[in-house]
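Reader: I like to see each label tested against its cut-off. Could we go through this one that way?

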Amino acid sequence: MSTHQSWAYSEKVKDHFVNPRNVLKDDEYKEDGRGIVGNIQCGDEMLVVIKVDPENGTIADCKWKTYGCASAIASTSAMSELVMGMPIDEAFGIGPKQIASALGQLPDNKIHCSVLGDKALRAAINDYYTRTGQPEKVIKEESRIICKCMNVTDHEIEEAILEGARTFLELQEKTKMSTACGKCKDDAETLLKVYMKKHFS
Amino acid sequence: MEQRQVYLDNNATTPLHPEVVRTLTETMACFGNPSSMHGFGREARGLVEEARSNVASFIGALPEEVIFVGSGSEGNNTVLSILACQSGQCSCDRDHKIHIITTAIEHPCILETSKCLEGHGSRVTYLGVDKHGKIRLDELRASLTPQTGVVSVMMANNEIGTIQDIREIAQIVHAGGALFHTDAVQAFGKIPINVVDLGIDFLTVSAHKIYGPKGVGALYVRRGVRFCPLIHGGHQERGRRAGTENTLGIVGLGKAVELRSREMAEEAIRIAALKKALKEGIVERIPDVWFNGHPTDCLAGTLNVSFEGAEGESMLLYLDLEGIAVSTGSACASGSLDPSHVLMATGVPVERAHGSIRMSLGRENTMEDVDYVLDKLPGIINRIREMSTAYTRR
């Protein structure tokens, strides 16, 4: 009797988890851009390094390392294959949805683990632009404060939704937003719809 | 070739003891309602009462002090809910003692119930623990007030296995005028328990942690202490827990307890030897590891270990691919990134809490199992560390 007939994730996730592609193993790797996001105190951390083909403006190589769960490992492995040879600006636009579909979907509660890879990739691309004297191309992910009392940004709200918040009450519990004056409730409800559509529709 | 299967998650649940399976199979056809006066009912009643005697004598209690419940969680909820009872209909002696003391490392069924009661007007004190997971007796003493109704401290912790000093705790609680409850779901059937000797007022146990069936547990309620049921509406269990008795489950629990009384002592020695070999083998083969919990006052089969730079869920799943079942209290498995509340309470650094797994041994494990784990584990940890941003080989 095998207990592994049903793996908790899809077979593609399992394949990337068991044989992760493009793991950075070379300590002397000469990257053109480097991005690191998350931190181990929060439970996951991701490093992505890229080499760029300056002739074509494409990603010539993408390697990564992570302190993360199976979803983080598999999604970054899949992403590293996806962006190989891709024009930089296109790679910049890769999001969790494309990665998840390349993996044949992830459980909803694991989507948040898969966003680290593309976040780190964007950081690496920005780093490449900075190193090569093209700071005008750096695209900052601006965050906006939604709850002024508790100082909670739209990014934090998006993170909370990725981590499982589905209602205004759950957003309050996770972020402490709208627990003082309550004026941002309508904005929170709107953002909840926007981010649910972005990540889970 | 069949892959070897090594089950090291006995604190989560256990396989049925073969003799429990036999007893259950033999009893399966007994369908009478234990409350019925006719022969069918009397047969079922006889089985239920035999099981009750087994449980009672195993913990040094009287049969009438044992109530069968649907789970450990139900038993724990029942005890805490007594405090919240505000009903004029209820016979429980309401004395407005609305303060509960419990610990930061309890099972969620205590912590969540406590939180819920806070919303209903109770006041709850959560005692911290030292680095080995023991509560501080001085802190307990200082927390007791005349309003303290019940103190609930788990006998042994599910994640790290730390065993509390129950006798001393019960003495302090009683000196402070409160009742003492202990969640003994993990300790029951692993270490000897005598409720009179230890001074326990309420004690919760569960069948499926001791090679019995799921969906049945027992609650010890010392004779004469204040009680009010969680589930109303029937005379079953002397009016203390309504609902037709789960005869088959209760029989399974009774049998499992009988087997524990015969096998527990010897098995604890054997399992302790397996854990020692596992622990020493890990230390020999894998650098940068930490063991969590108490060095001596710990359940024989529980081993909680942190591997620097390796995340819990990925360890669990790579081990699963080799047929080895462990658990992680941490993070991502549950979809939340929160590290184990137990490890955090012991002051383990958060990155070490994220990188921990729990291996819990049981009666079916052998030295071959330990050898197999020691063969597979170093390679897995090495692989994870090779792709980890959080590990630098020293």
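Reader: Gladly starting with a side chain: why is B:E386 called partly exposed?

Author: Its relative accessible area is 36%, and the label covers values between buried (under 20%) and exposed (over 50%), with a 1.4 Å probe and protein chains only. So B:E386 falls in the middle class. Bear in mind that this is a predicted model, where local features need pLDDT of at least 70 and side-chain atom pairs count only at pLDDT 80 or more, while totals for chains, interfaces and linings use all residues. Residues are numbered from 1 along each chain as its sequence is written, chains are lettered from A and ligands numbered from 1 in the order in which they are written, and side-chain values use heavy atoms, without hydrogens and water.

Reader: What makes the pair A:K25 and B:E386 a salt bridge?

Author: The N to O distance between their side chains is 3.7 Å, and the rule asks for a side-chain nitrogen of Lys or Arg within 4 Å of a carboxyl oxygen of Asp or Glu. The pair therefore qualifies. A:K25, at 56% relative accessibility, counts as exposed.

Reader: How many salt bridges are there over all chains, and where do the two partners of this one lie?

Author: The whole structure has 34. A:K25 is in the loop between α1 (11-18) and β1 (33-39) of chain A, and B:E386 is in helix α13 of chain B, so this pair joins two chains. Helices here are DSSP runs of H or I with at least four residues, and strands are runs of E with at least two, numbered from the N terminus. Between chain B and chain A the count is one salt bridge.

Reader: Which helices of chain B supply at least two residues each to the side that touches chain A?

Author: They are α10, α12 (350-354) and α13 (367-386). Of these, α10(B) gives the most, with six residues. In total, the contact (heavy atoms within 4.5 Å) takes 28 residues from chain B and 35 from chain A.

Reader: What makes B:R45 and B:E245 a salt bridge, and how far apart in the chain are they?

Author: Their closest N and O atoms are 3.1 Å apart, which meets the same rule, so they count. B:R45 sits in helix α2 (residues 39-59) and B:E245 in the loop between α8 (236-239) and α9, 200 residues apart. B:E245 is buried at 7%, whereas B:R45 is partly exposed at 25%.

Reader: Why are β9 and β12 called edge strands?

Author: The open sheet runs β9-β10-β12 in chain B, and β9 and β12 (356-360) each pair on one side only.

Definitions and conventions. Two strands pair if DSSP finds at least two bridges between them.
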